[in-house]
Structure formats: C-alpha cells, structure tokens
Amino acid sequence: MHCPYCRGTDTRVVDSRVAEDGGSIRRRRTCSSCAKRFTTVELMQLTIVKRSGATEPFVREKAVAGVRKACKGRPVTEDQLARLGQEVEDALRLSGAAEVAAHEVGLAILKPLRELDEVAYLRFASVYRAFGSAADFEDEIAAMRAERVSDASSVPASAATG
C-alpha cells in the first residue's frame, strides 16, 4: 500500500472495521515515512465463473441490464431495478463464496423479479431456462398459480380477511 501523501510503501494498519453491510473493510493506516494517516476501503471481489470456465468480476449493472430487457413495456421503474440489482448482489455475497457460477446469478434474479413483475419474470425465465414451446410457459404459469394457492391457504383466515 502506497502512502497517498509521500508515496512511501511502508504503511502500518492502525485500525480495521467491517462495514455494516459486511461487504467491505475500512482500515486506518499510518505511513512510517511521513507519519500521516489515511483510510483505505477493501471490497470483496465477487467473481462470476461462466460456462466456458472463464471468470469475470460481478457487475451489478450487467445483471440489471438483462432484467431491464425483460421489463421492457412493463410498469417497472429504474429505482425498482436498482433495488433488485442490490438484492441480487447481496444474495450472492451472502453465499460467502468468492466465485459464483453464472447460472447462480440467474437463479438469484428469478425470485425478486417474480415478486416485482410476473410478466417480466416469465420473459426472463423463458430465456434463462430456454423455454422451447408454449407448453413450457403453461407449465411455469401453472406452477406459479399452484404456489399462489398454496401461499394463500397457509395464511390464517383471520389474517386473510383482515
């Protein structure tokens, strides 16, 4: 670590703290050459492993861009897309793995997208899961309806009415 004041390379960590979100570490450092103090922030690098085996850093905007295409013409705001991107990144980081398979990113997108907009979810799922026919859409819609009925029946009657 180079000192930002004198470019000295002999710096010492005085204090370290994990950020509230757990995704970064803040370190207070002192330069042995000029005795000035400075702060550094270290972020955990989340790496995506593609099907080909190639790796690349996770870029939230890239994940959101795919979702944005599925949401075209739907009543979904940029703010909602940004929150979805944050939720996906948080879920991936909470897994604790430094490397995540690309298909895990798609899986992490599906649940919050379904809660955000079911039509956009079906569009995204049709590409992500490579739907080949109308029957694939029908099966997914049937599963969504069955889950909705299951969720409604698990709510106590007093909560459902009011």
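Biologist: Is phenylalanine 124 buried or exposed, and how do I read those words?

Modeller: Buried means under 20% relative accessible area, exposed means over 50%, and partly exposed lies in between (1.4 Å probe, protein chains only). Phenylalanine 124 has 13% relative accessibility, so it counts as buried. Tyrosine 128, at 24%, is partly exposed. Bear in mind that this is a predicted model, where local features need pLDDT of at least 70, side-chain atom pairs count only at pLDDT 80 or more, and totals for chains, interfaces and linings use all residues. Residues are numbered from 1 along each chain as its sequence is written, and side-chain values use heavy atoms, leaving out hydrogens and water.

Biologist: How many aromatic pairs does the structure hold?

Modeller: Rings of Phe, Tyr and Trp (its six-membered ring) pair if their centres lie within 6.5 Å; planes under 30 degrees apart are stacked, over 60 edge-to-face, and the rest tilted. Here there are 2 aromatic pairs. Phenylalanine 124 and tyrosine 128 are stacked, 6.1 Å centre to centre with 15° between the planes. Both lie in helix 4 (residues 118-128), 4 residues apart, about one turn of the helix; helices are DSSP runs (H or I, at least four residues) numbered from the N terminus. Phenylalanine 131 and phenylalanine 137 pair edge-to-face, at 5.0 Å and 90°. Phenylalanine 131 is buried at 17%, while phenylalanine 137 is partly exposed at 32%.

Biologist: Which ring does the charged end of arginine 114 sit over?

Modeller: A charge sits over a ring if NZ of Lys or CZ of Arg is within 6 Å of the ring centre and within 35 degrees of the ring normal. For arginine 114, that ring belongs to tyrosine 121, with its centre 5.7 Å away. Lysine 36 lies over the face of tyrosine 5, 5.1 Å from the ring centre.

Note on methods: Helix = DSSP H or I, 4+ residues; strand = E, 2+ residues; numbered from the N terminus.
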